[in-house]
Structure formats: C-alpha cells, structure tokens
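Please open the model in a viewer and keep the selection tool at hand.

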Amino acid sequence: MTYRAPINDILLSLNHGAGLAAAVQAGHYGDFDGDITAAVLEEAGKFASDVLAPLNRVGDEHGIKLDNGKVTTAPGWPDAYQRWTAAGWNAVSGPEAFGGQGLPLAVNAACTEIWSASNVAFGLCPLLTLSAIEALDAHGSAELKKIYLEKLVTGAWTGTMQLTEPNAGSDVGALRTRAERAPDGTYRIKGTKIFITYGEHDMTDNIVHFVLARLPDAPSGTKGISLFLVPKFLVNADGSLGERNDIHASGVEHKLGMHASPTCTMTMGDKGGAIGYLIGEENQGMRCMFTMMNQARLGVGLEGVGIADRAYQQALAYAQERRQGKAIGHKSDGMDPIIVHPDVKRMLMQMRSMTAAARTICYATAVALDVSVRAKDAKVRAEAAARGALLTPIAKAFSTDIGNEVAYLGVQIHGGMGFIEETGAAQHYRDARITSIYEGTNGIQSIDLVTRKLGANGGASVWALLDELAAVIKQVETSNDPAFGTTGAKLRDAHAALERTSKWLLERLASAPNEALAGATPYLRLFAATLGGCMLAGEALAAKANGEAEPQRYVALARFFAENIAVQAPSLEKTVTESAEAVTGADAVLAG
C-alpha cells in the first residue's frame, strides 16, 4: 500500500499538543500566519505520496553502488531530489536572507515526519543538510556563509556531519583526524571517518562536509577538537566549482537497513590534505557540532515517528483485509478479517497511540526550539531553550524506541507474511533499527537527561513541565467524560511517580552517581510515558473543545495510552529507585 500523511492528526498534535497555536497567539512567531500550516502539510503529503513513497521499495531493493570513488544511488533518486529542491522543500525553515522560506522549525518538523514515513532513506539526506545549515548559520564566518549557505538552504548542495572514526565512536574525544594550519589561513585535513551518511552520492554536484579534527597543539579530549568545513569541490571566486578537494569515499557499508542511503568511509589526505575552513574558533568544535547534533537528534526522533506511522498504516490495511478465524459469536460461514480479534486490536491501538505520543513530544521540542530564538522577551527565550534542551533527549530516544517497537508489531500483525520481504513490513523493521543507535545512542540520551538536563537550573525546567502536566490531568478529571475511563487517575499516578523519581535521582547524582546512571534508561521511558500520556489527553480535550471531527476517537486514543502505557510508570519508578544495586553489583555475573 502507499503512504498517506495523517494531516488531521498532525495538525491537532502540532497546534494543540505541542503548543504551536498558543505560541503563535502569544506573539512568539512574529507575523507568521498559522493558517498556512495546513496548506504546507497538504502539499508535503502529496509530494510524499506521489514521488517519494513509490521509491521506498526501489531504494531498498537496489541499494547504492560505489565505483572508483563515485556512489550511484537507486533508480529515480536523483530525479526525485531535483523535484524536491525545485518545489522548495529543502528551504522550508531556512533563513530568508539565504534563499529560505523562514517558516517555523515546527512546521518543518512535521514535514520531516512525512518524508521519513514515505521514504526514510531519502529523507535522511536533507535532514543532515538542515543540521549543516544550522551550524554554518550559527558559527560560520560571513565569507563562508556567502559562499555556502544559500546552496545548502536551497538544497543545491547537501551537507554531512563527520565525527565517527574507527577508534572514536561515542567517545568523540578519542578522534585522530589531524588539521594543520596553512599559510593562507586555511587548514589541511588528514584522516579517515566512518559511517558518514550521504558522504558521497550523485544527487548534487557538490557536498559540503563538516569535519571534526584536532590541531597539533590542541588539548587532549573533547576540549581540543575543532570543526572544519571541507567541500567536495572547492569553490571559485565567481561561485563556480573548481578543483576536486582531497576527500573521497573509500568504502561503503553493507547494512541491515537503510539500503538506499550511502554510508561511507571518507578518506582525507591522500594528496597532501583536504582543504578545510575553520567553523567558529579553534578547539571549540564540539560546541559548534552540538548545534548540528541537537538538530539531527530531533530529526532522528522524527524518523522514528515516520517509520512508526508508515508501519501502522500498513498493518491496519493488512488487518482489515487478511481473513483468519471468526469473531466470538460469529455464526455465518467464512472467516473474518483479523482486525475483529481483540489481540490484533490491542496491537493496532498500541501502535497508533505510541506513535501519536512520540509525534507530539517531537513537535513540542521543535516549538520550544522555535520560541527560544523567535520570542521577543529574553526570559521567554531562555525558558524555551531550557525546555528544548530537556525534551531533545526524550524526543530522540523515546521516538526511535517507539519506531522500533511499532515496526516490530507491524511484522507481528502480518504474521508469517511479515517475515517475507515482499510485504514491506520487514523493511520498516530493518530501517528503524539504526535510529536508536546513530546521532547518540539512546543510552547516551538517557545519561544526558539524568546528568545534565534533569538538574539544570536546579531542576526548574522539570518542575515547570510537571506543573503544566498536572493542569492537563486536572482538566481530564473535571471533564466528567466517561469516555476517558480511568485516564485521569492513571495519569495522576504516572505524574506522581515521575515527580518522586526525579527527586530521587537528583539526590543520588550527588551521593551515588552510579545508582542514578543505572536507572537512566527506565527513567527516560517513565518521563516519556507520563509526558506522552498527558499530551494525548490534552489533544483529546482540544479536539472536543474545538469541534474537531470525531473527537471521541482522540479521547479513545488518550485513554488507551493512559491505561496501557502510562500505567507502567509506577513500575518504572521501582526499577529506577529499587533496582540500582542489581545493575551496579552485576560484575560477578558479567565477569565470565
């Protein structure tokens, strides 16, 4: 089946669950007209269905080919990319001064979900370009912006992010790529990077690499890393392409999934060193790179949402068509569609509700990041920046976990046919697996949440968010709508568990940090389950208040999540607060 963007669900999530409409009304988005959001997303959905979705299977089957340093993408991909840029999709949230449309990041986040759902391997390319744009715009010199930024914003050129090396994965400080100062103010870069997404391809005539490297006199560890812009082709004074730079793809990976996305080994220095241009200041590369990484982490979270929604749509269609067994009480001849069976309904509701919760968490992160740079009031900007920082690891880790879990259920609903490649269910499962690994493993996101984000500003961001969630729970309880079932009670229990666990972790961080770290991953899940449940309940209330079509289906979705997912919160609390020793004391078991 093809993909259809769930525009109504996306708009409810974006405007009400994530708070875009309220932020627009508060004036944080200047003269942005929120009414155009629906039109933009409708067009994005059409492009995704008509152009990108048909290429998803093609890309998976054909993959890519490396020949003499050149990568050829799957049939139809270069043409699709040209149509993509011609339609202006790469420029949605780009700065207007450099050819962008200047629309909110939140709107582009919804588009990113749509691209990821229709063809995640294709959408991965512009996702990284968006991160490159952010880094260059924030930290690049005026001269570099003049040469490269418009090309990146329009999508005429793509960008990459080059951190990983054979001996330096999550521990970026161990990297060995070298940078040497040249008399003309440029640098010569020598080294090898691995796992570089779209490091080489045939969809554009130039690729702009952002490379981390170490200067000879740099301090050790992450404090001695610098960021450099290294173009595939050097650029002449008139803007035309000049000589090929000393950087090339020396290998490509053969992967479990994402077959159509080239993952390259990039080699620099075979001919004296690739010419690079410093971004920001020397030895401040990690600060610059985090601008890229935080943007990319939200994007990868949206990949999880997109894959989950695509897997759900396909599983739903299959369950409506596949006939096996009979419903309880069915007396007539013939078999029923499997969707009549309660366990299949349970799996489908789990898929949809978890996807919806992850969607809103990601969109709320984007809205916070928008307000942190768009709001006029400095206090509002600072609070939004703190909210965005808090939500980013949750958006990345929870949403990609959900992408994996929903794709797993999609295979399960297909039964034996899900294990057969021809249905496409297996591709979603394979493609989803990398999302919880790259751009910072989900374990690292959990550590970031506990060690950096939880205690920031004395925990002010967490307590402020908890206050907002408590207000939503109160609204559910006072609505007296029997369709909510025990949603209010379940969310109140989850909220209390999150509050207690947050305080426990803050205490342990000071007195027993290993105990806190042992519970980091279940804590992130506890946080996301509570946050997602309250957000879905808020959306249901908004659907009822605003006269949305069939508002009770959103109430039913919120109820299912509260009574089946958020209800796990008290158990997760016990895992964090009562089971740390089972982890910290496991050395004897793991030794042999």
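Select Arg-244 together with Phe-233: the charged end of Arg-244 sits over the ring of Phe-233, at 5.5 Å from the centre of that ring. Please bear in mind throughout that this is a predicted model.

**The aromatic rings**

Next, display the rings of the aromatic residues. The structure holds 11 aromatic pairs. For one of them, select Trp-84 and Trp-115, which form an edge-to-face pair with 4.8 Å from centre to centre and 70° between the planes. This pair connects distant parts of the chain, since Trp-84 belongs to helix α4 (residues 77-86) and Trp-115 to helix α5, 31 residues apart.

Are these two tryptophans buried or exposed? Trp-84 has a relative accessibility of 2% and therefore counts as buried, because the cut-off for a buried residue is under 20%. Trp-115, at 3% relative accessibility, counts as buried too.

Phe-122 has a relative accessible area of 1% and is buried.

Now extend the selection to the whole group. Which residues make up the aromatic cluster? Phe-47, Trp-77, Tyr-81, Trp-84, Trp-89, Trp-115 and Phe-122 form one cluster.

**The cavities**

The structure holds 4 cavities of 30 Å³ or more. The largest cavity has a volume of about 190 Å³. It is lined by 20 residues, and those closest to its centre are Asn-108, Thr-112, Pro-126, Leu-127 and Leu-130; select these five to find the place.

By class, the lining of the largest cavity contains 12 nonpolar residues, 8 polar residues and no charged residues.

Proceed to the second largest cavity, which has a volume of about 60 Å³. To outline this cavity, select Asn-56, Ser-116, Ala-117, Ser-118, Asn-119, Val-120, Ile-307, Arg-310, Gln-427, His-428 and Asp-431. Helices α5, α7 and α10 (425-433) each provide at least two residues of this lining. In the second largest cavity, too, α5 gives the most to the lining, with 5 residues. The classes in this lining are 3 nonpolar, 6 polar and 2 charged residues.

**A buried arginine**

Select Arg-359, which is found in helix α8 (residues 342-374). Is Arg-359 buried or exposed? Its relative accessible area is 4%, so Arg-359 is buried. Leaving aside residues up to four places away in sequence, display what Arg-359 touches: Pro-6, Asp-9, Ile-10, Ser-13, Glu-113, Val-305 and Asp-309.

**The second largest pocket**

Move on to an open space. The second largest pocket holds about 950 Å³ of space. Of the 37 residues that line this pocket, Ala-18, Gly-19, Arg-387, Leu-465 and Glu-468 lie nearest its centre. Colour the elements that give two or more residues to the lining, namely α1 (7-17), α2 (20-25), α8, α9 (378-414), α12 (460-479) and α15 (520-545).

Which element gives the most to the lining of the second largest pocket? It is α12, with 8 residues. The lining of this pocket divides into 23 nonpolar, 10 polar and 4 charged residues.

**An exposed glutamate**

For the last stop, select Glu-550, in the loop between α15 and α16 (551-564). With a relative accessibility of 60%, Glu-550 counts as exposed, because that class begins over 50%.

Conventions: Residues numbered from 1 in each chain as written. Predicted model: local features only at pLDDT ≥ 70, side-chain atom pairs only at ≥ 80, totals over all residues. Heavy atoms only, no water. 1 Å grid on protein atoms, 1.4 Å probe; cavity = no way out; pocket = protein on both sides within 12 Å on 5 of 7 lines; lining within 4 Å. Points joined across faces, edges and corners; volume = space filled by probe spheres on them. Nonpolar A, V, L, I, M, F, W, Y, C, P; charged D, E, K, R; others polar. Helix = DSSP H or I, 4+ residues; strand = E, 2+ residues; numbered from the N terminus. Phe/Tyr/Trp six-rings, centres within 6.5 Å; stacked < 30°, edge-to-face > 60°. Buried < 20%, exposed > 50% of the residue type's maximum accessible area, 1.4 Å probe, protein only. Lys NZ or Arg CZ within 6 Å of the ring centre and 35° of its normal. Contact = heavy atoms within 4.5 Å.
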